[in-house]
Amino acid sequence: MRPLWRCRACGAHWPCQPARLGLLVEYQHDRTALLVYLGGLLAEAGQQLGDASGLHQRFLGWARARGGTMFHVNHEPGAEIHHTDPFAVPAGQRSPVRRLRGRLAAPVTLWTAPGPAGLTVSSTLVAEGEPDRLLGLVDPESDLWAAVEEAERFAVAPLGPPHRQLADRFAGLFPSPGGLFAIGAWTETPYGPVPSDAGGWAGCRLDSAREYGWGLLVEATIEAVDLAEETDPLLHYRGRYRELA
């Protein structure tokens with residue numbers, strides 16, 4: 001999330017723990033390319049934040065060699081990168097509000113708008129009424145919000161367990177060569193493209209938006225609903241994707 005350089009998913013300083021682990025897996029065969037990629041982002045962050053103190057360690061220090069060896073991603077099935085999370089915030093420094101939020105399981109949805117643009121959102125709420133409404137917290141610096149603000153409409157699709165990688169891609173946790181919509185099958189709608197295998201989608205008309213915490217509280221009217229065959233939801237709980245038992 002530029003120019004604050006915070007994670008769109010968790011609000012922590014980027015690269016946060018999930019982003020670092022994702023990058024280690026993505027660049028497991030080419031650590032040099034990872035360092036070049038992070039170096040470019042370091043330069044951009046330094047210009048936007050205006051204070052470069054600590055940025056070198058934040059962007060590059062964790063990815064460099066320690067004790068003459070690199071961080072190692074074990075390729076064996078079922079293997080772990082570490083017995084404990086090497087990037088976890090010490091218990092005494094963790095935000096109690098963030099910990100509380102982490103204990104609230106949330107459905108993972110994909111918001112898209114004409115352009116196209118898209119963003120993974122785990123703070124979506126539907127309110128029945130006359131008219132029916134939809135609310136959500138989104139990144140005000142995201143391409144999605146710029147597209148929604150221009151088009152004044154957007155689509156919301158609930159994601160399922162098969163969409164884990166798609167959710168990470170639209171959350172900015174993984175690189176997306178060719179663009180966010182280059183992979184997968186998409187159904188075009190007047191409100192934005194939606195995954196063809198999603199459990200349905202809602203077409204929304206933007207009503208208002210205002211700053212709320214680190215995000216932007218978006219309020220919209222639901223104008224169309226297209227429900228496919230019911231599928232299990234993808235949930236976000238305590239920093240991880242979960243499925244219904």
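This is a predicted model: local features need pLDDT of at least 70, side-chain atom pairs count only at pLDDT 80 or more; totals for chains, interfaces and linings use all residues.
1. Ground rules: local features need pLDDT of at least 70 and side-chain atom pairs count only at pLDDT 80 or more, while totals for chains, interfaces and linings use all residues. Residues are numbered from 1 along each chain as its sequence is written, and side-chain values use heavy atoms, leaving out hydrogens and water.

2. Start with α2, residues 31-49 (helices are DSSP runs of H or I, at least four residues, and strands are runs of E, at least two, numbered from the N terminus). Just after α2, glycine 50 has a positive phi of about 75°.

3. Which residues of α2 are buried? They are Arg31, Leu34, Leu35, Leu38, Leu41, Leu42 and Ala45 (buried is under 20% relative accessible area, exposed over 50%, partly exposed in between, with a 1.4 Å probe and protein chains only). Exposed Thr32, Val36 and Gln47 sit on the face turned away.

4. The largest nonpolar core has 22 residues (a set of buried Ala, Val, Leu, Ile, Met, Phe, Trp, Tyr and Cys joined through side-chain atoms within 4.5 Å). Its largest share, six residues, comes from α2. A second, separate core of 20 residues includes Leu144 and Ile222.

5. Look also at aspartate 139, in the loop between β5 (133-138) and α5 (143-151). Aspartate 139 is buried, at 5% relative accessible area, and its side chain reaches the backbone nitrogen of glutamate 141 at 2.8 Å.

Note on methods. The expected span of a helix is 1.5 Å times one less than its number of residues. A polar contact is a pair of N or O atoms within 3.5 Å; within protein, one must be able to donate a hydrogen and the other to accept it, and residues adjacent in sequence count only if both atoms are side-chain atoms.
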